Amino acid sequence: MPADRSFYITTPIFYPSDVPHIGHGYTEVAADVIARWHRQAGDDTWSLTGTDEHGQKMLRTATANDMGPREWADKLVQESWIPLLETLDIANDDFIRTTQPRHEQGVAAFIQKLYDTGFIEAGDYEGFYCVGCEEYKQTADLVTGTGRYDGELVCAIHSIPVELSKERNYFFRMSRFTDRLLALYEERPDFVQPESARNEVVQFVRRGLDDLSISRSTFDWGVPVPWDQRHVVYVWFDALLNYVTAVGYGEDEATFARRWPAVHLVGKDILRFHAVIWPAMLMAAGLEVPRQVFAHGWLLVGGEKMSKSKATGIAPSQITDTFGSDAFRYSFMRAIPFGQDGSFSWEDLAARYQAELANGFGNLASRVIAMITRYRDGAVPAAGEPSERDLGIRQTVAAAAADADAAIDRMAPHEALAAIWRIVEELNGYITLEQPWVLAKDPADADRLDAVLATAAEGLRALAVLLSPVLTRSTATLWRALGAEAALGALHEQPLREAGEWGLLPAGARVSPLEPLFPRIDAA
Ligand code: MSP
């Protein structure tokens with residue numbers, strides 16, 4: 001990948017009708033890990049997240065809380081959604097709110113353009129609307145309710161009753177794009193990923209697309225339709241546009257040209273909006289379609305999609321308060337093959353924390369630094385002639401770094417971590433076999449001890465760089481303790497695609513004491 005390559009990645013923008021749970025945190029972390037990787041590799045990276053503040057769901061939740069929708073959104077964004085980014089150590093470049101003027105102006109300009117070019121016209125619509133999805137549903141997407149909604153027609157995703165709604169609206173003539181979309185999926189097989197998501201989308205579009213109702217006149221919480229102020233723009237049509245209004249659409253052509261098109265990370269429940277409606281909108285406006293739409297799976301708790309409405313929501317801070325943000329970031333990225341559903345359990349989290357972070361990585365770092373302190377007065381020794389085993393470690397590091405980069409390129413952070421973890425495991429095995437504490441007893445083994453300590457320190461140097469997009473805090477601590485900060489400069493400035501090279505940490509670098517990176521957690 002050339003050094004100046006543009007890489008723009010987005011998360012969905014979240015409804016701030018309620019507080020975030022770890023399902024939302026999962027998307028944020030995935031986008032952040034991938035963005036940090038590219039940024040540190042020198043790509044011209046931009047990462048965007050934000051909030052989706054219009055529509056009925058927001059309006060109703062605000063009303064139920066005796067507040068206006070804007071006030072309610074302000075409160076939730078300030079008290080919960082911005083703090084979520086701090087809790088999880090997210091380094092986003094921008095945060096867009098759909099109530100910001102930059103966005104509302106862009107939406108008005110975009111919809112006006114489609115109206116002027118004949119892609120929007122008036123019509124009548126009658127259908128079942130789910131406020132949870134903010135979408136008219138097909139009969140196939142409805143099921144018969146149980147319990148509180150016994151016998152009623154409910155949305156299969158939200159398990160809440162749908163509402164029959166009839167309106168005179170404006171329609172986006174999406175049906176015209178069926179063939180062009182099918183050609184897009186055919187020509188660019190990685191446009192929608194993973195494969196299962198792509199197949200679902202292709203099958204859906206093959207059945208033919210209907211036109212899409214894109215305005216509402218029964219409430220006024222939204223962006224006014226420019227040529228007919230009795231209507232507001234449909235919340236999804238409004239929300240999808242955040243991806244372009246945030247990077248200068250209609251306002252700053254140079255920035256727009258620099259950033260667009262984006263990679264969109266989305267949950268699989270909102271795949272069709274992104275892989276069908278959104279590219280059709282862009283085609284109608286004569287803009288490039290996204291670089292990729294990648295659908296990740298759901299976090300399940302007790303076998304069900306975690307959600308606030310089903311009361312299975314766990315707040316991200318419940319995890320980070322005990323285990324820290326690194327453990328949150330690591331365990332979700334490592335444990336769940338990206339693109340598939342994954343079950344969350346406290347037992348699994350605690351087990352990974354102990355086995356992989358504390359005993360695996362943390363202990364390796366502590367041991368190596370303690371031995372350099374004890375046997376070499378805190379100075380990293382020169383490596384000397386490498387043995388077969390030393391060369392084996394070098395090869396492992398080089399291969400793991402290349403494999404991890406390739407895995408991130410195919411949106412597989414779980415595979416990137418598995419590749420990097422080979423270094424942790426091999427280095428731990430290497431130290432066990434080399435027994436530096438035995439070498440230290442005999443002055444005749446001094447050269448060998450130097451080589452072992454230098455190899456281990458250099459392995460840690462590579463690990464700190466490769467893990468820094470995921471373990472943002474502990475790698476920074478390790479970097480300083482290794483003396484790498486003084487010798488090589490800031491961790492985030494180390495070129496990631498060169499992390500697998502050997503011999504970068506110079507002999508003489510001075511290590512300093514390292515507190516346990518992943519302290520023991522006593523069960524409450
Ligand atoms: N506002 C829309 C998105 C508009 S993007 C132009 C929306 N918001 S949401 O807050 O309901 O959901 C945002 C994201 O959170 C979705 O990608 C959804 O899949 C994800 N998740 C919600 N619950 C989740 C889990 N339990 N697990 C994983 N992701 C989850 O939809």
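**Note on salt bridges, aromatic contacts and cavities**

1. Arg-258 and Asp-44 form a salt bridge in which the closest N and O atoms are 2.8 Å apart. Because Arg-258 belongs to helix 9 (residues 253–259) and Asp-44 to strand 2, the pair ties together parts that are 214 residues apart in sequence. Arg-258 has a relative accessibility of 47% and therefore counts as partly exposed. The coordinates come from a predicted model, and the structure holds 32 salt bridges.

2. A salt bridge also joins Lys-305 to Asp-269, with the closest N and O atoms 3.4 Å apart. This pair links distant parts of the chain, 36 residues apart: Lys-305 is in strand 17 (residues 304–305), and Asp-269 is in the loop between strand 14 (263–267) and helix 10 (271–284). Both ends have intermediate accessibility: Lys-305 is partly exposed at 26%, and Asp-269 is partly exposed at 29%.

3. Lys-305 has a further contact, lying over the face of Trp-298 at 5.0 Å from the ring centre. The charged end of Lys-268 also sits over the ring of Trp-298, 4.7 Å from its centre.

4. Glu-434 pairs with Arg-448 in a salt bridge whose closest N and O atoms are 3.1 Å apart. Glu-434 lies in helix 15 (residues 413–434) and Arg-448 in helix 17 (residues 446–467), so the contact ties together parts 14 residues apart in sequence. Is Glu-434 buried or exposed? With a relative accessible area of 10%, Glu-434 is buried, whereas Arg-448, at 22%, counts as partly exposed.

5. A network of salt bridges links Arg-334, Asp-348, Arg-352 and Glu-356. Asp-348 is also one of the residues lining the largest cavity.

6. The largest cavity has a volume of about 70 Å³, and the structure holds three cavities of 30 Å³ or more. Which residues line the largest cavity? They are Ser-331, Phe-332, Ala-335, Ile-336, Ser-343, Phe-344, Ser-345, Asp-348 and Leu-349. Helix 12 (325–335) and helix 13 (346–376) each supply at least two residues of this lining, and the largest share, three residues, comes from helix 12. By class, the lining divides into five nonpolar, three polar and one charged.

7. The second largest cavity has a volume of about 50 Å³. Its lining consists of Ile-9, Thr-11, Glu-28, Ala-31, Asp-32, Ser-47, Leu-48, Thr-49, Ile-90 and Asn-92. Helix 1 (22–40) and strand 2 (44–51) each contribute at least two of the lining residues. The classes here are four nonpolar, four polar and two charged residues.

8. The count of aromatic pairs comes to 30. Phe-119 and Phe-177 form a tilted pair, 5.6 Å centre to centre with 35° between the planes. Phe-119 lies in the loop between helix 4 (101–116) and strand 4 (120–130), and Phe-177 in the loop between strand 8 (163–172) and helix 5 (178–187), so the pair ties together parts that are 58 residues apart in sequence. Both Phe-119 and Phe-177 are buried.

9. The rings of Phe-256 and Trp-260 are stacked, because their centres are 6.1 Å apart and their planes stand at 10°. Phe-256 is buried, with a relative accessible area of 8%, and Trp-260 counts as buried at 6%.

10. Both of these aromatic pairs belong to one aromatic cluster, formed by Tyr-8, Phe-110, Phe-119, Phe-172, Phe-177, Phe-237, Tyr-243, Tyr-249, Phe-256, Trp-260 and Trp-278.

How values were computed. Residues are numbered from 1 along each chain as its sequence is written. This is a predicted model: local features need pLDDT of at least 70, side-chain atom pairs count only at pLDDT 80 or more; totals for chains, interfaces and linings use all residues. Side-chain values use heavy atoms; hydrogens and water are left out. On a 1 Å grid over the protein atoms alone, a cavity is a set of points where a 1.4 Å probe fits but cannot get out, and a pocket is an open set with protein on both sides within 12 Å along at least five of seven lines; lining residues have an atom within 4 Å of a point. Grid points are joined across faces, edges and corners, and a volume is the space filled by probe spheres set on the points. Helices (H or I, at least four residues) and strands (E, at least two) are DSSP runs, numbered from the N terminus. Ala, Val, Leu, Ile, Met, Phe, Trp, Tyr, Cys and Pro count as nonpolar, Asp, Glu, Lys and Arg as charged, and the others, Gly among them, as polar. A salt bridge is a side-chain nitrogen of Lys or Arg within 4 Å of a carboxyl oxygen of Asp or Glu. Buried means under 20% relative accessible area, exposed over 50%, partly exposed in between (1.4 Å probe, protein chains only). Rings of Phe, Tyr and Trp (its six-membered ring) pair if their centres lie within 6.5 Å; planes under 30 degrees apart count as stacked, over 60 as edge-to-face and the rest as tilted. A charge sits over a ring if NZ of Lys or CZ of Arg is within 6 Å of the ring centre and within 35 degrees of the ring normal.
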